[in-house]
Protein chains: 4
Amino acid sequence: MAVPESTQAKKTRPHGHDGFPLKDLSRPYRLAAHGSARATRPVRVSDTVTIGGAAITMIAGPCSVESAEMIVDIANRVKSLGAVMLRGGAFKPRTSPYSFSGLGASALGFLETARAASALPVVTEVMSTEDVDLICEYADMLQVGARNMQNFALLRRLATIKKPILLKRGPSASVKEWLLAAEYLLSGGNTEVVLCERGIKTFETGMRNTFDLAAVALAKELSHLPVVADPSHGTGKQSLIGAVSRAAIAVGADGLIVEVHPCPERALSDGPQSLDIPQFEGVMRGLSAPLRPVLAAQA
Amino acid sequence: MAVPESTQAKKTRPHGHDGFPLKDLSRPYRLAAHGSARATRPVRVSDTVTIGGAAITMIAGPCSVESAEMIVDIANRVKSLGAVMLRGGAFKPRTSPYSFSGLGASALGFLETARAASALPVVTEVMSTEDVDLICEYADMLQVGARNMQNFALLRRLATIKKPILLKRGPSASVKEWLLAAEYLLSGGNTEVVLCERGIKTFETGMRNTFDLAAVALAKELSHLPVVADPSHGTGKQSLIGAVSRAAIAVGADGLIVEVHPCPERALSDGPQSLDIPQFEGVMRGLSAPLRPVLAAQA
Amino acid sequence: MAVPESTQAKKTRPHGHDGFPLKDLSRPYRLAAHGSARATRPVRVSDTVTIGGAAITMIAGPCSVESAEMIVDIANRVKSLGAVMLRGGAFKPRTSPYSFSGLGASALGFLETARAASALPVVTEVMSTEDVDLICEYADMLQVGARNMQNFALLRRLATIKKPILLKRGPSASVKEWLLAAEYLLSGGNTEVVLCERGIKTFETGMRNTFDLAAVALAKELSHLPVVADPSHGTGKQSLIGAVSRAAIAVGADGLIVEVHPCPERALSDGPQSLDIPQFEGVMRGLSAPLRPVLAAQA
Amino acid sequence: MAVPESTQAKKTRPHGHDGFPLKDLSRPYRLAAHGSARATRPVRVSDTVTIGGAAITMIAGPCSVESAEMIVDIANRVKSLGAVMLRGGAFKPRTSPYSFSGLGASALGFLETARAASALPVVTEVMSTEDVDLICEYADMLQVGARNMQNFALLRRLATIKKPILLKRGPSASVKEWLLAAEYLLSGGNTEVVLCERGIKTFETGMRNTFDLAAVALAKELSHLPVVADPSHGTGKQSLIGAVSRAAIAVGADGLIVEVHPCPERALSDGPQSLDIPQFEGVMRGLSAPLRPVLAAQA
C-alpha cells in the first residue's frame, strides 16, 4: 500500500495551534511573502490580459452560464464597456442541494463559444479535483471558490497545473489563512496565483457579507500576489457596487470581478447582486471619475 | 461530452439569495427535518455502537495517528475508561502546507491494528474524493472536517457510500447551512449522518473557537439527526473540557468526541487541547456527577 | 478648574494596544483574578439569597414591569416554582427611540410592592448615573446591561455604592474585557460583583445571540466572581431555554436569570424569548433531572 | 414621584425582537432616513468647517491631549498640511481601569489654547452626561465613542444641546442600529449629527478592527447624515492608513478623522495606529492622487 507523497508524514513540529506563531506574519507563507523587491508580481492570464500590472483588470460576466446565446451576448456587451475578461459559472457551489448548481460541462462549451466570439479570456470555478482536467481544456484561469479555500486536496491538485488560479478568500478566513492557502499552490509548483477578496461573515445583516477592503491593502503589504476584489459577493447589493468598486481600486486592488446579467431579476442565481448592462456601464464610467477633493484649509 | 447527473441544471428557481427564504427554517432541509415522530433517529456505527440512543456515545483518541504502538495503546486505555469508539487522524487538514498533515495511508493500517486490538470502531477524517474508497476499507465512520462542510463534491461522493458520516459544522456555518450540508448526504442516498458541533469563529480570542452549545439544542429541535459535540476543538483548552463536556450532555448532545494523547506536549498536532490519560479519566468521572442543586426558595 | 480624581492622568504607560499584553490573561484584572484560594467568592444579595454558594440561584421575572398587579402576580408565581429573586425592568435600553422603554420610576414602586408581597429580593437595570440613587432605594441588586458594560462613567459611579452589581457581558466583549469592566467596579471599591453571560453577536441568525457557555467556564477559571447565565437573551427562543439552562448549570454557572411573563405574546418587550408560567415550571423541573448516562463500554 | 418624560411608557407595540421588522430598513429611523431630496444634508461645525459638502473634511490630532505645548504644536502642523479640524481626547474610555484615561478637564483648557493658536475647530469625546456642560464650553463638536453608541442616557442628553455630534459606530452595531442611535439624537431635537465608521469586531486578528467601508456607502444610501471614516481605529496600523483613507473617500465618506502624534512610539495611548507628521503629510498627498486607470479592452 503506497503512501501518496502529498500525505506522507512531514516530521516538522507544528509551530503553534494553527501551525505557526501568532505574531510572525511574514515567514509562515515564505513564497507568498514579498521578496526583496516588495512589488506585486503580475500574473499573465492570456496574451491580452495581465493582473497586477499598471492598470486595473476588469472581469465581468454572469453568476451562472445559462445558455450559449446568453453568455455570448454578455461577453460582447461587457467587452464593449471595458471588461477584458469573462467570468461565468459552469459548476456552482450551492448551500442547498435543491438549488440550481450550474449547467456543468455543457456550460464549458458555451464559455468556449463566448471566448471565440469575444476574444475575452475566461475564468470559471472548479469545485472538485475530478473536474480539473476538463475545466483546464476550456478556461484560461481557474477559480477556487470561497467555500473551497481550505479544500487542501483541491489546492494540491491545482498546484500541478499550468493555468493561473483565482483564489477566493474564505468567508471566515483571516488574511494569514488566505495567504497560507495560496502557499499550498505556490509550494506545490503553481506560481500564478491571484487572490480575490469577496467579503467575510460578520454579525451585520444589512449586506450579504462584510466587504473587507482593508484586507486588500493588508494582503498587498504582506504578499507579492495580485489581489482582485469582488464587489458583487462583497456586498450583495447592486446599488453599492459602484461605490465599493471605486474604493477597491483606491485601496490597491489590481482588478475587479463583477456579476453582470442581462436581466438580473430572471437570473438563475445571484440576481439581487448582479448588475444589468446599463448599471455595469454606469459602474465602469464611475471608475475613471476623479476622487472628491479635500476641503482646503484657510490660510 | 456527457454532463454528470449531479451537475445537471435543476431548473428550480432559487428561493432567495442563499436558496431559500430566511424565515422558513423547516422546509429547506426536508430530509434532515423532523418527521411526524419528532424524535432523534439513531445512527448505528457498529454492532456495539449507536449514536443517538438512550445513552451518550463517547469517542476518544489522538488528533493524529503517530504510530501503531501509540494508537493501540491509546485505544486500550480510552476503552478501559469508558470510550466506545476510537478517533484518530490519518489525513489531516492543516492551515499551512508546511505543518504535519498526518501519516496518510499507513495510519489507516495502524488504525486497523488498534481496532483489532481494542474492538473499538473507528472514525477518521476524509479530505478528498480520491481517498473515499481507501478509507472505507478501514474506517467504521467517515468524518467530514469543518473546512470541508461545504465541499459539495465530497458530500456528493459520500452520499453514495454505505458508511455513516460524522459531519462537522463549518467554522462560519449557520445551523441552517449545516443542515443543508447534511441534506446533500441524505438526498444523495446516505441516511446515516451524525452532526458534530466543534465551535465557530467569533471575535473572542480567549479560546480557540466559540463552542456553540445552544446550536446543539437548535439542531436537535430542527432535525432528527443525532448530534455529537467536540469540546477539544470547541474550546482548545484542556482545562475547560470537563465543564463543557458536561454542558454538552446537558444541552442534549448524543455523544462527545474528545482528543486524548498519552503526552499532549509531544503531540504532532493539537497538543494544547488534548487531554492526557489521567485528565481523560477525570473528565469521564465528571460526566456522571449530579448537577448542582437549585437553591430552595423559603416558605 | 479642578480635575475630577477619576479622570486625572495616571501616568501608567499603556501595556499594549488595549492596555495590556495579549497573552497575559491573569494579571490585568488583578482584583477580579483568583487569589490563592482559587474558589468562587459568594456575593450576598439579601438575608435569604447568595450567589456563588453551594446551590444555583434562580432569578425570574418579566422583561419589563408593566403594572403593579402584573409584577406582584409574577413574583408570587415564580417564587412558588422555585425562584428566589425577582427581575423586572423599569428603565429599559431600546435600540429604537420609538420602542417602549419601560415605565421608569413608577415601575420601581411596583417592584417594591412585589418585593413586599413575595419577600423576593429584586434586581433591576440602571442605565444612567443620574438614576443610581433612586434605584438604590428600591433594588437589592443593580444590573448593568450589555450595552453599558463599557460605560465607564456608570461603572465608576456604581463602584461607590453599597449594593451588589450584576454585570452583563457586552455583545462583542471578550472575556478579558468583561473581567476588566468588573475590575472598574472592584478597583473603585465595590467588591460585590456578579458576572452575567447573555450571548454574543456572531454571524448566526438562527438565534438572537450566540450563548457562550464555554465563556462561563473560562470566566470561573480566571476569576473568583460568581457567574449567572441568561438563557432568555442568550438564545431568544422559548423552546431552547430548558436545554441551555441545564447546560449553564453543568458548565459551572452559579445562577440563572430567566424572563417569565404571564402572557408572552402580549408582553411589551421580549415576548418571543419569555416563558409563560407553565413553561417556567417545566424548565424548573428539568433542572433537577439527572444527566443522560454514558454508554457503557463492552468488556 | 414624577416619572421623567423620557422614560414614560410609550404604549407602542414593539414591531419585532429589536423593535422593527428585519426587512424594513427605511422607516424605523424616519428622521435619519432620506427625505425626498435623497441628498446628504451638510452639518456646519464652525464658520470655516462643514461636513457633508462638496469637499472632504480632514480632521486630525492625537489620541490623547498630553500637554498644552503638544496639542498646540500638532494643531499648527496638521493645519499646515491640510487638516481643517482638530481632534484630541480629554476624557478617554479605556478597557482597563489601570490604563491612562486622559488628562480630563485640564486637557479641555489645552484644546482651547490650541484652537486659539490654530483657528481650527475642535472635536473631543464626551463619555458621561455629567461632563456634557463642561465639554460644551470648549468643544465645537462632541464625539460619542464607539462603546457609548447605545448609551441612551447620554444620547438623550446630547439631543438637547446646540453643538453637532460625531456619532461613532459601535464595534458590533449593525448599520440599522447605528442609524437608530442617531435617531435618538434627531428625535430628541439635535439635528446636527455626523456618523463615524471606525471598524467592527470580527474574527480577523491581523488588524485591530475590520474597517467596514461598504457600510459607509450603505449608511449614505439609507440616510441624509454625513459620514466620516476613522482609518486609525479602523485598521490600527500606520502602514495601511493611506490606502484605506483613499478608499474611504472613494466609497463616499464626507471626511476623515486621523490620529497624528509627533512621536507615536511615545504616545500615552494608541501609538501603533498614530501617524507621525511626515506620515500624515504622505497620507494627505496621496488623497489627491488619481485613481489607477482601468486596463483598456482591445478592439
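Predicted model: local features only at pLDDT ≥ 70, side-chain atom pairs only at ≥ 80, totals over all residues.
Let me begin with chain B and chain C, where 63 residues of chain B are in contact with 63 residues of chain C. Together the two chains bury about 4,700 Å² between them, and carbon and sulfur atoms give 65% of that area. If we look at the chain B side, the residues that lose the most area to chain C are B:Phe203, B:Arg292 and B:Leu295, which together account for 16% of what that side buries. Six salt bridges are found across the interface of chain B and chain C. There is also a salt bridge between the side chains of B:Glu204 and C:Arg169, with a distance of 3.0 Å from N to O.

Turning now to chain A and chain D, the contact there involves 63 residues from chain A and 63 residues from chain D. The area buried between chain A and chain D is again put at about 4,700 Å², with carbon and sulfur atoms giving 66% of it. On the chain A side, A:Phe203, A:Arg292 and A:Leu295 supply 16% of the area buried against chain D, which is more than any other three residues supply. Here too the count across the interface is six salt bridges, and the side chains of D:Arg169 and A:Glu204 meet in a salt bridge at 3.0 Å, N to O.

The structure holds six cavities of 30 Å³ or more, and the largest cavity contains about 120 Å³ of space. Which residues lie nearest the centre of the largest cavity? They are B:Thr202, C:Lys201, C:Thr202, D:Lys201 and D:Thr202, out of 17 residues that line the cavity. Sorted by class, this lining has eight polar, five nonpolar and four charged residues.

Finally, the cysteines. Over all chains, the number of disulfides comes to zero. C:Cys136, for instance, is in no disulfide, and the nearest cysteine sulfur, that of C:Cys196, is 19 Å away. C:Cys136 is also buried, with a relative accessible area of 17%.

Technical notes: Residues numbered from 1 in each chain as written. Chains lettered and ligands numbered in written order. Heavy atoms only, no water. Disulfide = S-S within 2.5 Å. Buried < 20%, exposed > 50% of the residue type's maximum accessible area, 1.4 Å probe, protein only. 1 Å grid on protein atoms, 1.4 Å probe; cavity = no way out; pocket = protein on both sides within 12 Å on 5 of 7 lines; lining within 4 Å. Points joined across faces, edges and corners; volume = space filled by probe spheres on them. Nonpolar A, V, L, I, M, F, W, Y, C, P; charged D, E, K, R; others polar. Contact = heavy atoms within 4.5 Å. Buried area = accessible area lost by both parts, 1.4 Å probe. Salt bridge = Lys/Arg side-chain N within 4 Å of Asp/Glu carboxyl O.
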